[in-house]
Amino acid sequence: MAGTVVLGIESSCDETGAGLVRDGRLLGQALASSMDEHARFGGVVPEVAARAHLEAFTPVVREATGPGLSGALQVGLAGAKTLAHSLGVPLYGVHHLAGHVAADTLEHGPLPDPCVVLIVSGGHTSLLLVRDLARDPVVHLGDTLDDAAGECFDKAARLFGLPYPGGPAIDRAAREGDPGAVAFPRPLTGPRDDPYAFSFSGLKTAAARWAERYRARGERPPLADGAASLQEAVADVLTRKAVAACREHGVGTLVVVGGVAANSRVRALAEERCRAAGIALRVPPLRLCTDNGAMIAAVGDLLVRAGAAPAPLDLSVDPSAPLEYAALHPVGRAAPALV
């Protein structure tokens, strides 16, 4: 329905976000992060995240007006149900990863049909073929077999002695380093490998062994070189496979989304390789790359305008739901994020 204002609520991990979207335009958003609380533990603690969502939900929604952690999602779901019931407005189940895809529409307009989307975040690394996000099924060209790219950054940063979150810390340290200093492997890039599958656990292990060799000799690892080389390996694999997918499927636009899309080298190498291949590149601004409520509202806005059926108020969360449709009702699966 044109002109409808959609409130999106995001609570899948360590950010509590709310956003308002109408007819593809972002009206406002607010975000509260519990990252500083998790930093003391070197990673996200589910119980701490759920408590932080409880404290932040009402202030964030007031200011703005899988998949994720089950307890955290329950908080967002309960709040969304309360608002829907009290205001007499429909509730839509939205897949968290569809939100990342839709985030780009708030900056660059409707997605081309078709386009290849690279989702790269702390928990997910996937190559998707996307047509009409609100109506058509999402085709998975390839997914990560183990650690996601963002998870690799977080774990390697911890091994390097860098702070959490690891992605931004690696990016900062890499600015002073030589990306060719360490010959880190490029996983699953051989001729017999699945061309669009990802694996970053071996790269994480290689980074750990590199740092351990220096420490075993009583030396401090050259962290800038290690960070730059690790970042280059991740960016190389991601962009190489994404551009190859565009070429094979005859798609002229690559969309890169998710928290790792904020990485400076991933963005730069994607731009370089897309330009050389004659492929248009779309990457959301930094504020829309990490988890936020605006991206959830963007999917809700698409669903409302497409005439999708609302979800029932007895909707439940499913942190492991696969991304098949942007709205998982009435498809039959519960959704890991809500609008």
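This is a predicted model: local features need pLDDT of at least 70, side-chain atom pairs count only at pLDDT 80 or more; totals for chains, interfaces and linings use all residues.
Which residue in β8 is the bridge partner of Ile 119? It is Val 257.

Start with the strands. β5 covers residues 115-120, and β8 covers residues 253-257. They pair in the parallel sense, over 4 bridges. Both belong to an open sheet of 5 strands. Read across, the order is β7-β6-β5-β8-β9. The pairing in this sheet is mixed. Now the edges. Those are β7, residues 139-143, and β9, residues 280-282. Each has a single partner strand, so one side of each is left without a neighbour in the sheet. From one strand to the next, the twist averages 20°.

Next, what packs on the sheet? Helix α9 does, residues 223-248. α9 touches β5, β6, β7 and β8. Its direction makes about 160° with that of β5.

Now a single residue, Tyr 196. Where is it? In the loop between α7 and α8. α7 runs 166-174, and α8 runs 201-216. Buried or exposed? Tyr 196 is buried, because its relative accessible area is 7%, and the cut-off for buried is under 20%.

What does Tyr 196 touch? Leaving aside residues up to four places away in sequence, its contacts include Leu 141, Gly 142 and Asp 143. Also among them are Lys 241, Ala 244 and Ala 245. Leu 127, Glu 248 and His 249 are on the list too. The side chain of Tyr 196 reaches the backbone oxygen of Ala 244 at 3.4 Å. Then take His 140. In sequence, Tyr 196 and His 140 are 56 residues apart. In space, C-alpha to C-alpha, they are 9.3 Å apart.

Over to another strand pair. β2, residues 15-22, and β3, residues 25-33, pair in the antiparallel sense. That pairing runs over 8 bridges. Gly 19 has Gln 29 as its bridge partner in β3. The two strands form a hairpin, with 2 residues between them. Look at Asp 23 in the turn: its phi is positive, about 50°.

Last, the whole chain. How many helices and strands are there? There are 11 helices and 10 strands. Of the 339 residues, 52% are buried. The accessible surface comes to about 14,000 Å². Carbon and sulfur atoms account for 52% of that surface.

Note on methods: Residues are numbered from 1 along each chain as its sequence is written. Side-chain values use heavy atoms; hydrogens and water are left out. Buried means under 20% relative accessible area, exposed over 50%, partly exposed in between (1.4 Å probe, protein chains only). Contact means heavy atoms within 4.5 Å. A polar contact is a pair of N or O atoms within 3.5 Å; within protein, one must be able to donate a hydrogen and the other to accept it, and residues adjacent in sequence count only if both atoms are side-chain atoms. Two strands pair if DSSP finds at least two bridges between them. Axes are lines fitted to C-alpha atoms, for helices over the stretch in contact, and angles run from 0 to 180 degrees between N-to-C directions. Accessible areas come from the Shrake-Rupley method with a 1.4 Å probe; for residues, only the protein chains shown count as cover.
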